[in-house]
Amino acid sequence: MVSKRSVLIVDRSEETREVLATALERRGLQIFASGRAERGLELARAHRPDLIVLDLEVGDAGPAETCSPFAEEARATQAPLVVLGSVRRNERSALEGEFVPKPYHFGPLIRKIEELLSARGSYARIA
């Protein structure tokens, strides 16, 4: 039995989590979501998602400190990491993953997620 591909969404905004979850579920993906960094890490470790979407605003620390544990989890499972945020140019180099600056539009973000999953060979676009 082939397991459903999964995405972890870690974002303080309930609206963002709902919009992304709905769009990605319609594309056949299983979604795990959290509004807090600590819970997001628990979910990442427990479910080992195929891709992680992380909004830097979920952490109380700086961007690099918030991103680092998620980058470690992503590396451990070879899952792409998509980092959403507003950071200074000099801070961006300390971040791992695909950086998407705020403000962003959901359409291009969803296409980026699809591209990363396809490149990993773990996703065939349905919708």
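Contact means heavy atoms within 4.5 Å of each other. This is a predicted model, in which local features need pLDDT of at least 70, side-chain atom pairs count only at pLDDT 80 or more, and totals for chains, interfaces and linings use all residues. Residues are numbered from 1 along each chain as its sequence is written, and side-chain values use heavy atoms, with hydrogens and water left out.

View 1. Thr 66 lies in α3, residues 63–77. Helices (H or I, at least four residues) and strands (E, at least two) are DSSP runs, numbered from the N terminus. Neighbours within four places in sequence are left aside here; beyond them, Thr 66 is in contact with Leu 54, Leu 56, Val 58, Gly 59 and Ala 61. Thr 66 has 5% relative accessibility, so it counts as buried. Buried means under 20% relative accessible area, exposed over 50%, and partly exposed in between (1.4 Å probe, protein chains only).

**View 2. The whole chain.** The chain has five helices and five strands. From the N terminus on, its elements run β-α-β-α-β-α-β-α-β-α. The radius of gyration is 13 Å, close to the 14 Å that the globule rule gives for 127 residues, so the chain is as compact as a globular protein of that length. That radius is taken over C-alpha atoms; the globule rule is 2.2 Å times the number of residues to the power 0.38. Along its principal axes the C-alpha trace spans about 40 × 30 × 25 Å. Of the 127 residues, 47% count as buried. Among contacts with a separation of 6 or more, 63% come from residues 24 or more positions apart. The chain exposes about 7,100 Å², and carbon and sulfur atoms supply 46% of it. Accessible areas come from the Shrake-Rupley method with a 1.4 Å probe; for residues, only the protein chains shown count as cover.

**View 3. The five-stranded sheet.** The strands form an open sheet in the order β2-β1-β3-β4-β5, with parallel pairing. The edges belong to β2 (30–34) and β5 (98–101); each has a single partner strand, so one side of each is left without a neighbour in the sheet. From one strand to the next, the twist averages 15 degrees. Two strands pair if DSSP finds at least two bridges between them. Strands of a sheet pair through backbone hydrogen bonds, either parallel or antiparallel.

**View 4. Strand β4 and its two partners.** Four bridges join β3 to β4, and the two run parallel. Four bridges also join β4 (residues 81–85) to β5, again in parallel. Val 83 can be followed to both sides. Leu 54 stands opposite Val 83 in β4. In β5, the bridge partner of Val 83 is Phe 99. β4 is mostly covered: five of its five residues are buried. Leu 81, Val 83 and Gly 85 point one way from the strand, Val 82 and Leu 84 the other way. In a regular strand the side chains alternate between the two faces of the sheet.

View 5. Helix α1 (residues 14–25) has 12 residues. From its first C-alpha to its last it reaches 16 Å, close to the 16 Å expected at 1.5 Å a residue. The expected span is 1.5 Å times one less than the number of residues. Thr 16, Arg 17, Leu 20, Ala 21, Ala 23 and Leu 24 of α1 are buried. The buried residues of α1 pack against β1, β2, β3 and α5 (106–119). Helix α2 (residues 37–47) lies across β1 (6–10), β2 and β3 (51–55), running at about 150 degrees to β2. Axes are lines fitted to C-alpha atoms, for helices over the stretch in contact, and angles run from 0 to 180 degrees between N-to-C directions.

**View 6. The cis bond at Pro 103.** A cis peptide bond joins Lys 102 and Pro 103, with omega about -5 degrees. Pro 103 is found in the loop between β5 and α5. Pro 103 has 80% relative accessibility, so it counts as exposed. Pro 103 and Ala 119 are 16 residues apart in sequence and 25 Å apart in space, C-alpha to C-alpha.

View 7. Arg 48 lies in the loop between α2 and β3. Its phi is near 45 degrees, a positive value in a residue other than glycine. Gln 78 sits in the loop between α3 and β4. Phi of Gln 78 is near 60 degrees, a positive value in a residue other than glycine. At 65% relative accessibility, Gln 78 counts as exposed.
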